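Trainee: Could we go through this structure together? I would like to begin with the sheet and then move on to some individual residues.
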Amino acid sequence: MTDLYLPQLGIQIETDEAHHLGQVELDQIWEKDIINATKHVFKHVKVNCGIDEVNRQIDEIVTFIKLKIAEKNASGDFKSWDLEAEQNPETYIKNGYIDASEDVAFRTISGAASCF
């Protein structure tokens with residue numbers, strides 16, 4: 001799990017606290033596995049530095065997010081995240097299909113089962 005996930009942009013943000021220093025190789029393997037499976041983009045905030053540097057990293061990520069939103073808006077591909085619709089079985093029943101690439105989630109098992 002990452003610290004922040006923006007599903008409509010395919011961006012995952014990871015806060016690299018002190019414990020990450022002792023598991024760099026494992027973190028790299030984990031991240032590569034996720035990227036290979038999802039094609040998501042990872043951004044990192046390294047917090048083992050001064051507050052000014054942390055704020056600079058955050059500003060850089062916010063700028064990146066705004067650019068991605070602008071790109072998707074310009075191409076007509078931006079779709080606001082609607083948690084209610086995502087978790088509502090009627091959304092998928094109406095579509096007539098469920099696509100695993102859409103990060104489908106249901107509140108209950110019975111909600112998922114009602115689609116079939």
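Mentor: A definition comes first: two strands are said to pair if DSSP finds at least two bridges between them. Please also keep in mind that this is a predicted model.

Trainee: Understood. In what order do the strands of the sheet lie?
Mentor: The order is E1-E2-E3, and these three strands form an open sheet with mixed pairing. Strand E1 (4-6) and E3 are the edge strands, each pairing on one side only. On average, neighbouring strands are turned by 20 degrees against each other, direction ignored.

Trainee: How many bridges join E1 to E2?
Mentor: Three bridges join them, and the two strands run antiparallel. Within E2, Ile-13 is the residue that stands opposite Leu-4.

Trainee: What else does Ile-13 touch, leaving aside its neighbours within four places in sequence?
Mentor: Its contacts are Thr-2, Asp-3, Leu-4, Lys-43, Val-45, Ile-61 and Ile-65.

Trainee: Which residues make up the largest nonpolar core?
Mentor: There are nine in all: Leu-6, Leu-9, Ile-11, Ile-13, Val-45, Val-54, Ile-61, Phe-64 and Ile-65. Strand E2 (11-16) and helix H2 (51-75) each supply at least two residues of this core. The largest share, four residues, comes from H2.

Trainee: And which strands does H2 lie across?
Mentor: H2 lies across E1, E2 and E3, and runs at about 160 degrees to E3. Helix H1, in turn, lies across E2 and E3, at about 150 degrees to E3.

Trainee: Where is Lys-39 found?
Mentor: It is found in the loop between helix H1 (24-38) and strand E3 (41-46).

Trainee: Is Lys-39 buried or exposed?
Mentor: Lys-39 counts as exposed because its relative accessibility is 63%, and the cut-off for exposed is over 50%.

Trainee: What about His-40: buried or exposed?
Mentor: His-40 is found in the loop between H1 and E3, but it counts as buried, at 12% relative accessibility. The cut-off for buried is under 20%.

Trainee: One last topic: how many aromatic pairs does the structure hold?
Mentor: It holds two. In one of them, the ring centres of Trp-30 and Phe-42 are 5.7 Å apart and the planes stand at 80 degrees, so the pair is edge-to-face. This pair links distant parts of the chain, with Trp-30 in helix H1 and Phe-42 in strand E3, twelve residues apart. Trp-30 is partly exposed, with a relative accessible area of 27%, while Phe-42 is buried, at 9%.

Trainee: What are the distance and angle for Tyr-92 and Phe-106?
Mentor: Their ring centres are 5.5 Å apart and their planes are at 70 degrees, so this pair is edge-to-face. Tyr-92 is in helix H4 (residues 89-95) and Phe-106 is in the loop between H4 and helix H5 (109-113), 14 residues apart. Tyr-92 is buried, with a relative accessible area of 6%, whereas Phe-106 counts as partly exposed, at 21% relative accessibility.

Key:
Residues are numbered from 1 along each chain as its sequence is written. This is a predicted model: local features need pLDDT of at least 70, side-chain atom pairs count only at pLDDT 80 or more; totals for chains, interfaces and linings use all residues. Side-chain values use heavy atoms; hydrogens and water are left out. Buried means under 20% relative accessible area, exposed over 50%, partly exposed in between (1.4 Å probe, protein chains only). A nonpolar core is a set of buried Ala, Val, Leu, Ile, Met, Phe, Trp, Tyr and Cys residues joined through side-chain atoms within 4.5 Å. Contact means heavy atoms within 4.5 Å. Axes are lines fitted to C-alpha atoms, for helices over the stretch in contact, and angles run from 0 to 180 degrees between N-to-C directions. Rings of Phe, Tyr and Trp (its six-membered ring) pair if their centres lie within 6.5 Å; planes under 30 degrees apart count as stacked, over 60 as edge-to-face and the rest as tilted.
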